[in-house]
Every structure is written in structure tokens, then in C-alpha cells.
Amino acid sequence: MTPTAPRAQGTVQIRGLRFGYPGREVLSGVDMDVEPGELVALVGLNGCGKSTLLRLSAGLLRPAAGRVLLDGDDMAGLSRRAAARRVALLHQSAPPVPGMTVRQLVRQGRYAARGPLGMLRDGDDAVCARAMADVDVTAWADRPVDSLSGGERQRVRLAMALAQDTRVLLLDEPTTYLDLRHQLEVLQTVARLRAERGLTVLMVLHDLGHAARFADRILALRDGRVAADGPPDEVVTPGLLAEVLGVAGRVGRDPVGGWPVCYPDHPLPAPQDLVK
Amino acid sequence: MTGATQAAAARRAPRRTARLFVLLALLALAAGCAALVAGRALPASGVWEVLRGGGDPTSRHIVLNLRLPRALVALVAGASLGLAGTVLQSALRNPLAGPEVTGVTPGAVLGAVAATGLGFAGWHSPAAVVVAAGLGGFAGAGLLWLLAGRERGDPAQTAVYGVLVSAVLSGLTAVVLLVAPGELGSVVQWLVGSTEGRVWPHWRLLWPWAAVWAAATYALAAPLTLLRCGDEQAAAAGVHTGRARIAALVCAVALTAGAVSVVGALGFVGLLVPHLAFALLGADLRTVLPGAALLGAVVVCGADAGAQGLSQGLAHALDSDRLSVPVGAVTTCAGAVLLLIVARRRVDDR
């Protein structure tokens, strides 16, 4: 019943991707490959094109040049629904919907698979139940989403994305507005699902420490270009902090886990400030 | 919450919805009966006798050819407006949207009045009025779309432009009335909204039109539910937001045009019924849409019965036999009060 083709593995290939708004180029030629089952963290300053790259990868924006290939298929050739059957994207935030229950919101994730008329009938309860169980929100199924706390709501929205039942999961700053405990909760859930299902995950993170802890690979963007791309051990360096994130600092190791830990010190003057 | 109480809650929700629907259907029936009974010429006992197959020819004519079609027209027009408002508020994600304030109703009135004034249409050619009202409704909505421009996503800005567009269209309607006063009496009914003198031809015109567009609207329940979750979330879930919104607007304009062409601009129905429907039935448009249709029918038909009762009372008090309060006056007055309550509640929510 899975609408994705049997060869659907979850490979994302991005080739020479350019995108811009009038007078401002956001992405100026990005190339990257994400292997099936890989967890990649996108890092960079505000406005460096991270969210735009995710939207382009989900097929929500049309590139000015270049291509996004999903298991070899160009996203530009897919309809909105066909794209949503293969890639799920969790946006940073969503407006409140008065009266909508957790169960109802998660069910909306089935739209791509079932279509406008298919959604009129009940069904797909198993997929939704699994998605809710995956992020442990089953207990609140009949509560209004608005009545939940920020962390709980974020998990519900993750369940909605999981209900799309895709191989590729894109997350745009899934930990924004959450306290540390809930940040770790969401990230651990994502890591566990990746391990259990072999999902391909590409997520924008602001916290380099989280990226180093959870990602297989870190991709750093600066001014619409890939500035660094590699495993956390190689990429997270004082040089990356300075060049990509614009802060001076030191990098150490977690005494137990061994992953890189950043000790940011102070912001560096931005290059354009130097020009002025 | 334990598993058992949870399962019980899951079972209770649909049962509560079913009970609500039964209640709404009974209310619609009651409103229909009230509209049948209301009026001066024939007391309730006479109506009952006609419905049982008896009565003299005059009574039969009053009930079967005057009151019955009028009540049915009120029910269907109310359902159309309730649906149109719900669709607009969902598609534009704007609780201040309604056919009255997005240029749709004033546009439809302008279309109907202009066509009548210019002699293309009239009460004798109701089909032409529907077409004219439809064109006007689309023009009104289109004007708002153009004016709002990039600020379309902002509910408050869109509401401001909506008031502007509505004012301009009402002004144009006034101009048409001054230039071509033609069938002025019936035109005034359009401006306020009235079910006075609606007979079988109106019903035969209205119900198929309303049924077709209501079905089309229901087919859009899923994308509309997602549009209420925000454009980004809807698009990520697979909705082509632009197309879904245009399809929804076409349905809303068509439903409004049908209602306006037959009963005129009934104030506030399309703006307020959706608030009631969402408050009672939640966020899934699969249940909210039928609920809004029933609520709209109850409100308009009930207001019609109320207006007739009021006319009777006033006529008695003022000792005049030619006095009739149009249903639009009742919905507008009651609607203004309800709108205040809704606005207060929204402020309290913050």
C-alpha cells in the first residue's frame, strides 16, 4: 500500500542548486548527497539559506537552477501530493487551530497518500496510531492540540509528519522554543526512528553541540554555499566556529561520549561590518 | 489518563457529534414549522388542517404555494450562506471573513441590482439574476484579491480591505438605484434580504444550484481542514494551496450568489454561523461543513419566522396592516449582538 516505489530508498541528491528572490540570491550553487538512513544536520547563521534548502528539498519551492533528485527522480517533476508522499517536512512553527485534537492533526498527515476525496472516509488508523506511538503522544489523542505545552505540541507535529509515512524526513529547527529537556527528547526520538526505520533525516539545527551529538554528518552553509561538509569529528573546529558561525571559541570533547563540544566565546565582527 | 477512559473518550466524541447533528436537524425542522405557522392570514390550526389534506382553497394556496416555498427557500439560502462563510474563513484562515465582508455579497447584490436596473433580469427571470449575482460576487472577491495584494495572508489587513471593497460596491449599488430606479420595491428587498414572496420557481432554481455547490464544497473538506493548519503545513502535507484556495473561493462565491439572488443580502449569517459551527463541532471540516449548513438553515428560517412574528406584533401595536419586517433586518440585528460576543471572547482569549 506504500505509494512510494519499491526502489524508494531515501537518497537525496542536490546538484548545482540556486535559488533567490528579486535582488537577493539565497542559494548560489549547492551540491550535496544524503545517503539512505543518514542523519545530516544543516548549520549556519540566520539567513544563510538553510530553511530555503529544506523547502527546495521538499519540493515546496522551485529552484532557479539545479536539481533536487529523490532516489533519482527530479522533485520539479512531481506534483505537490506526489512529493509529499515521498518527503515529509516539519516546519519550524505552525499557527494554532482552535478545537483540533491530536488525533485529528496527526490524521492530516495522510492527505498525500489518500487525496482530498479519500480523506473524507475514515481509515488509516494503524498508520496514525503508529505515528502517535512513535513520539509517545497516544495518551493525549483526544486532547486539543492548543491545550498542550510547546514540547508536547512539537512532538504531535512530528507525529503528523511521520504519518506521511515517507523515507525522507526534513526538520526545520525542530527544537526551537523548547527547553533543554524537550530539545533532547525530540532529538532522541528522531535518532531512534532513524535507527529503527532507516529514515533519511535532514535537519536544520542552531545548536552545534546538538548537531555534533546526534548527526552522522554536519553540513555548514555560508552565504548560500556549502562551507563545510563531513562527520562532526572533522567539521567541528574553531575554524568552523569562526568562519561559518561568526564566533570565536574553542572545541573540546565530551568526556564520556567523545563527541565534539563547543565552547563559544564571543562574536566576531561580521565581514560586511569590516568593509564599512 | 488510563487506556480505558481514553478509549471511552474516543467513543464519546463521535456520539456527541451525532447527538449534535440530530439536535440541529430537529431545530431546522422546528424553524421550518415555525415559518409555516407564522403569518397573519392563517392560524396554526388552519395550517395543520391543510397539511393533513383538508382546508379550503384559500388556506391551501397560502400554505402550499406561499408559505411552504418561502420556508424551504429560507432553509436552503441559510444553509448556503453558512457553508460559504465556513469555506471563506477556512480558506483565508481569517475569522473575520464572511461573504458580507469580503466583497462577495455586496458584489452579488450589485450584480443583481444592476442587471435588474438595466432590464436584463428581474424577479420574473430568476436565472438571469443568479448569473448576474454570481458575476458580481466574483468581481467583488476579485477586487479584494487585487487590493489586498501581498497582504492577503494578514487577516486584519484583509478585513480592512474587505470593508473598503464592500463600501465601494454598496456605493455603486446606490448609484445604480439612482440612475435606474426601475423595480425599486423588489430591489430594496435585495439590499436588506427578504424571503417575502418567494415562490416555487425560486425554490426550483435555488435548491439544485445549492446542492451542486454544497457537494463540491464538501469534496474540499480535507484541503480546507489543512488550510486552517496554515499554508506551510498544508503544502508540506501535499495540498496545492493555491489551487485549493481558488476552488474553495469559487464554491463560496457560487453558494453566496445563489442565496443572494433569491433572498438578497442577509446580514451576518455567513460571518457568524461559522463561529458557532467551529465552536460546536471542532476543527474537522467533514463535520463542521454539514453543521454550518444546518445552523445557517436554522438561523435564517428561524429569523424569518421571528420577523413574521415581529411584523404581526408591530402591525397589531401600530394598528397598520401593511407592515412587514424583512428577515435581513432580524439577522443583522441579532448578528451584530453575536459579533460583539465573538469579538469580546477573542479579546479574552489573548
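This is a predicted model: local features need pLDDT of at least 70, side-chain atom pairs count only at pLDDT 80 or more; totals for chains, interfaces and linings use all residues.
I begin with chain A. One open sheet holds six strands in the order E6-E7-E8-E3-E9-E10, and their pairing is mixed. At the edges stand E6, residues 87-90, and E10, residues 225-230; each has a single partner strand, so one side of each is left without a neighbour in the sheet. From one strand to the next, the twist averages 15°. Within this sheet, E3 (residues 39-43) and E8 (residues 200-204) of chain A run parallel and are joined over four bridges. Ala41(A) has Met203(A), in E8(A), as its bridge partner.

The other sheet of chain A that I shall describe is open as well, with four strands ordered E2-E1-E4-E5 and antiparallel pairing. Its edges are E2 (24-34) and E5 (73-74), and because each has a single partner strand, one side of each lacks a neighbour in the sheet. E4 (residues 65-70) pairs with E5(A) in the antiparallel sense over two bridges, and Leu69(A) has Asp74(A) as its bridge partner in E5(A).

Which helix lies across E1, E2 and E4 of chain A? That is H1(A), which runs at about 120° to E1(A). Helix H1, residues 50-57 of chain A, also lies across E3, E6, E7, E8 and E9, at about 150° to E8(A).

I turn now to chain B. An unreviewed UniProt entry places the feature "transmembrane region" at several stretches, including residues 159-180 and 206-226. In the model, residues 159-180 of chain B are 95% helix and 0% strand, with end C-alpha atoms 31 Å apart. Residues 206-226 of chain B are likewise 95% helix and 0% strand, and their end C-alpha atoms lie 30 Å apart.

Terms used:
Residues are numbered from 1 along each chain as its sequence is written. Chains are lettered from A and ligands numbered from 1 in the order in which they are written. UniProt positions are given in the numbering used here, feature names are shortened, and annotations may be inferred rather than shown by experiment. Two strands pair if DSSP finds at least two bridges between them. Axes are lines fitted to C-alpha atoms, for helices over the stretch in contact, and angles run from 0 to 180 degrees between N-to-C directions. Two residues are in contact if their C-beta atoms, placed from the backbone, lie within 7 Å.
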